[in-house]
Amino acid sequence: MIAFVIRRLLLGLVTVWLISVLSFAIIQLPPGDFVSAYIAQQAASGSPVSAEAADAMRQEYGLGRPFYVQYGKWLGRILHGNLGESMEWRRPVSEVIGDRIWLTLLLSFAALVITWGLALPIGIYSAVRQYSWGDYLFTLVGFIGIAVPNFLLALIVMYFAFRLFGASVGGLFSSEMMLAPWGWPKFWDLMKHLPLPAIILALGGTAQLIRIMRANLLDELRRPYVVTARAKGLSETKVILKYPVRAALNPFASNIAYLFPYLVSGSIIISIVLGLPTVGPLLVKALVAQDMFLAGAIVLLLGVMTVIGTFISDLVLMWVEPRLRHQMD
Amino acid sequence: MTSRRRFLGYGAFMAAATPSAEALAQAVSGTSQFAASGLVGTLNGAVQSAAIPTKFAEAPQLAELVKAGKLPPVDQRIPSEPLVLKPLDEIGKYGGTWRRAFIGPSDGENGNRIMATDKLLFWDVTGSKIVPGVARAWDLSKDGKTTTLTLRKGMKWGDGSPFTADDFIFWYEDLYQNKDIVPAPIPDMSAGGKPGRMVKIDDVTVQFQFDSPNYLFPSLLAGDTLIGGGQAVRQSTGNTYAAYAPAKYLKQFLPKYSSEAEVTRRAKEAGFESWVRALHVKKDWQLNPELPTLGPWRTVRPINTPTWTMERNPYFYVVDTSGNQLPYIDSIVMTLAEDIEVVNLRAMAGEYDLQERHIDLQKLPVILENRDRGKYDVHLDLAYNGADTTLHVNLDHRADPVVGKLLKTADFRRALSMGIDRDQMNDTFWLGLGTPGSSAPAEAMPESPGPEWRDKWSKLDIAQANKLLDGLGLTKKDSQGFRLRPDNGQRLIIQLLAVKSFMDWPKHAEMISQHWRKIGIYGDVKEAERGLAFQRAMTGDHHVFVWTNGGTELLYLYPTWALPTDVTSGVYGIEYARWYASNGAQGTKPEDPLLLKVLEMLKSGNGMEQEARDKNAQEIWKIMVDQQFSIGTVGQSPALMGVRLASRRLANIPSRACIAQHCRTPGTSHPETWFFKT
């Protein structure tokens with residue numbers, strides 16, 4: 001089993017390297033570069049950039065060099081812990097991401113807690129009380145949750161918040177608190193703004209997880225061992241929670257792989273709609289402006305998080321699923 | 001829609017306007033119907049006053065600093081001849097924070113424009129008259145070869161160091177002429193094809209000398225040009241223009257004053273790749289809070305953070321008529337909005353105190369509906385350029401010779417123009433608030449060729465358009481009624497390259513393409529991301545580029561969106577632009593004799609005095625409209641920065657502001673004179 005873990009770890013490293021090549025290549029794919037995007041943007045605001053000035057900028061950023069040279073320099077810097085300077089933000093990439101990563105993590109984590117906190121109990125309830133009044137209700141809500149894209153939900157919530165309370169939803173701080181130094185008032189302000197976007201973010205995933213949990217558990221509940229457990233006189237709660245639920249949790253464990261990149265990026269579309277200062281919109285803007293060091297760093301970060309997530313989900317699966325462990329030995 | 005247009009009474013504006021220099025002010029004073037709507041007011045705002053107050057006052061927090069001995073008294077901070085502004089309605093009171101939106105580090109213009117009082121010369125509230133700015137006075141010699149600027153005695157940078165002619169010479173010799181920093185000389189600094197010089201006469205006098213007459217130069221200094229733009233805009237985002245720079249502060253970053261090794265070492269220590277990169281950041285007011293500036297406010301939290309924040313400049317050189325040092329408002333907080341929609345929603349919720357940038361005209365009904373809830377007033381400011389949506393025709397298209405030949409043909413362009421239903425476009429995209437017509441500027445502008453040229457070839461006339469196209473031999477049509485190419489019998493396709501930017505131009509192009517069905521022209525809308533579109537225009541393989549023609553109302557200052565003059569923009573043919581910019585040394589000479597003629601006329605404008613120059617521009621416009629080098633649709637509207645939401649707590653807010661490139665919207669409205677009543 002140790003050998004298996006080590007092999008997975010090494011494979012993970014190779015994957016990360018491949019991701020770095022791929023992410024750098026993808027960022028270079030669109031025609032033009034940061035300088036041409038910059039020229040367009042300057043032209044739009046009425047200040048022309050001369051051809052000479054453009055060349056000087058390309059030189060400064062090393063944009064004229066062949067792909068492998070640019071990649072080599074980039075990778076070399078990253079290995080030294082330097083993600084480079086964001087061309088658009090004109091700040092080190094680590095700072096630009098750093099500004100947003102904590103809020104992103106907080107928001108994603110809050111959404112995750114809500115998702116799991118709602119989905120698991122409801123999923124179990126729906127399976128155990130299949131075709132009950134409650135099951136139908138949750139099924140209905142669940143299908144609506146799956147069918148309505150959550151950016152639309154975000155828009156609807158924003159509309160009502162604006163109509164009914166005259167407040168604009170969006171952002172994680174009120175304008176007075178935006179500048180305030182960190183402290184209890186600011187934290188409280190954040191706590192007031194956090195639930196709404198977190199719930200919107202959570203709803204789509206919740207509906208999906210309820211359905212998965214319900215289906216898995218229904219499969220398990222029909223197994224003979226459940227009948228045996230009941231026959232042995234175990235209490236109903238124990239019967240359900242001890243075995244079938246645990247078995248039904250497997251998909252959740254394998255889901256961890258996708259959760260990790262999500263934690264650091266947040267939902268891109270919802271963040272844009274709600275004006276949340278998370279990493280997602282940053283990536284979109286970086287790609288549009290062809291800010292390749294920033295975009296590269298975020299794409300790499302997402303890739304690395306996926307690899308780490310997969311690795312952890314493997315470990316968790318082995319822990320919750322004894323059958324896997326036995327296969328390995 | 002018609003009723004709304006009547007409600008705003010745009011006709012009255014047109015009728016009252018005559019093309020002369022002072023006409024603008026007159027035109028708007030006769031617009032009673034505009035005033036009745038309550039949305040479009042009269043051009044007004046703070047005006048300059050010649051009388052210098054004898055006593056000066058300052059903001060309470062500055063007075064405290066003076067008391068604590070941390071700041072010199074106010075009369076030592078302002079120049080002995082400060083710029084005196086008479087606020088629009090009343091003398092204001094100090095205090096408050098102006099909340100505003102910006103959309104990211106690329107939105108630097110948002111702040112630059114508020115700092116526009118750092119320009120050497122500027123325009124009055126009507127945008128038609130040049131007035132002093134940082135320079136107290138200017139003098140253009142009789143022969144037009146010399147422009148002399150007189151600075152203000154005792155004027156100081158934001159850090160308290162003196163602002164003198166040496167700051168100009170420092171810019172000219174150490175920055176502008178250093179190829180590492182400014183790779184190429186700028187056209188603004190040359191006349192008759194030869195570079196001019198900057199000379200220091202004494203501490204408060206600077207001279208710009210040219211070998212040929214350059215009567216245009218004061219306008220260049222007042223305009224939003226590379227030389228005249230001011231420090232905020234022209235020394236940010238990697239630019240190093242604007243004629244002056246804080247010498248004392250910036251010298252530490254230049255090799256000349258220590259050594260290349262030394263500045264490189266220091267740059268590397270601070271985390272920059274090279275000393276040039278370090279300099280570009282250090283001289284950028286958006287990024288470097290330490291940088292001494294001349295504008296009313298200065299950055300305290302840079303633009304690359306979620307809140308771009310500014311606070312008052314204690315050395316600002318402008319006072320009100322009672323001697324109170326401006327600005328009234330303590331600080332500006334711009335909050336980052338990820339999306340334009342978010343800006344609009346927050347604006348309607350009253351979360352911004354004054355916002356005209358990124359406000360969407362199409363949301364006007366909702367914006368008006370929420371006025372009382374959001375506690376703001378709405379003002380519509382009308383632009384002067386001919387068309388917010390202009391079809392800029394590539395006059396040098398080579399990739400497809402058949403299309404290229406047609407685009408070079410005046411009758412073809414005229415037919416395309418007459419095939420557009422401008423009224424429908426106006427109703428759909430401008431809510432009926434625009435003025436349909438050609439690309440020629442508003443009649444109120446001194447360079448306007450006159451009202452008949454707003455309509456020439458620019459009214460819907462399907463029959464005439466079809467006749468012209470038939471006359472060109474494009475008589476064969478396919479089964480769907482589209483005209484065929486003369487060479488291979490395939491459908492003739494005209495591409496419309498459009499970008500979703502200030503307006504949703506791809507949608508506008510779609511509508512035009514629908515209109516063109518009636519004249520048998522297949523318009524193919526190519527939507528592209530902004531950078532990509534500009535790049536394609538640079539290679540010259542586009543047919544028609546859809547964009548505004550903003551700025552062309554002052555043709556000599558901003559000809560980019562009217563004629564092939566700008567080597568950084570290839571919309572009218574990049575080779576033609578190279579030919580023009582290099583005085584024939586590079587690029588390709590246009591064949592069209594009329595295009596050649598207008599380019600020649602444009603170039604000769606520098607050497608003409610004001611009156612002759614305006615006349616010359618009118619003649620240029622007549623030819624450009626007759627030839628339809630660019631096809632105008634709808635303009636003179638509030639679509640671009642003209643929908644202004646102002647908090648009801650604010651006072652001294654103009655009822656109408658000049659929105660134009662040269663007015664640096666909201667620059668000529670002098671935000672430093674606005675204040676919070678409560």
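Helices here are DSSP runs of H or I with at least four residues, and strands are E runs of at least two, both numbered from the N terminus. With that in hand, chain B comes to 26 helices and 27 strands. The model is a predicted one, so local features need pLDDT of at least 70 and side-chain atom pairs count only at pLDDT 80 or more, while totals for chains, interfaces and linings use all residues. Residues are numbered from 1 along each chain as its sequence is written, and chains are lettered from A and ligands numbered from 1 in the order in which they are written.

**View 1. Chain B and its two assigned domains.**
An automatic or database domain assignment gives chain B domain 1 (117-303) and domain 2 (390-553 + 628-635). Their centres, taken over C-alpha atoms, are 40 Å apart. The C-alpha trace of chain B spans about 85 × 60 × 50 Å along its principal axes.

**View 2. Strand β7 of chain B, with a neighbour on either hand.**
Strands count as paired if DSSP finds at least two bridges between them. Strand β6 (residues 137-140) of chain B runs antiparallel to β7(B), with four bridges joining them; B:W138 has B:L149 as its bridge partner in β7(B). In the hairpin of these strands, five residues sit between them, and B:G144 takes a positive phi near 75 degrees. Strand β11 (residues 205-209) of chain B is also antiparallel to β7(B), this time through five bridges, and its B:Q209 is the bridge partner of B:T146. Which residues of β7 (residues 146-150) are on the covered face, and which on the uncovered one? B:T147 and B:L149 are on the covered face, whereas B:T146, B:T148 and B:T150 are on the uncovered one. In a regular strand, side chains alternate between the two faces of the sheet.

**View 3. The loop around B:G192.**
B:G192 is in the loop between β8 (190-191) and β9 (194-195) of chain B. It's partly exposed because 16 other C-beta atoms lie within 10 Å. Leaving aside residues up to four places away in sequence, B:G192 touches B:D211 and B:S212, contact meaning C-beta atoms, placed from the backbone, within 7 Å. B:F210 is 18 residues from B:G192 along the chain, and their C-alpha atoms are separated by 8.5 Å.

**View 4. Where chain A meets chain B.**
Here 46 residues of chain A are in contact with 47 residues of chain B. On the chain A side, the elements giving two or more residues are α2 (34-44), α3 (51-61), β2 (91-92), α7 (150-165), α14 (268-274) and α15 (279-288).

**View 5. The largest nonpolar core.**
A nonpolar core is a set of buried Ala, Val, Leu, Ile, Met, Phe, Trp, Tyr and Cys residues joined through C-beta atoms within 7 Å. The largest one has 267 residues, and those with the most contacts inside it include A:F34, A:I298, B:W171 and B:V546. Helix α9 (residues 195-221) of chain A gives the most to this core, with ten residues. Domain 1 and domain 2 of chain B each supply at least three residues to this core. Zoom in on A:I298 and you'll find it touching A:I97, A:V279, A:L282, A:L283 and A:A286, not counting residues up to four places away in sequence.

Methods. A residue is buried if 20 or more other C-beta atoms lie within 10 Å of its own, exposed if 12 or fewer, and partly exposed in between; C-beta atoms are placed from the backbone. Two residues are in contact if their C-beta atoms, placed from the backbone, lie within 7 Å.
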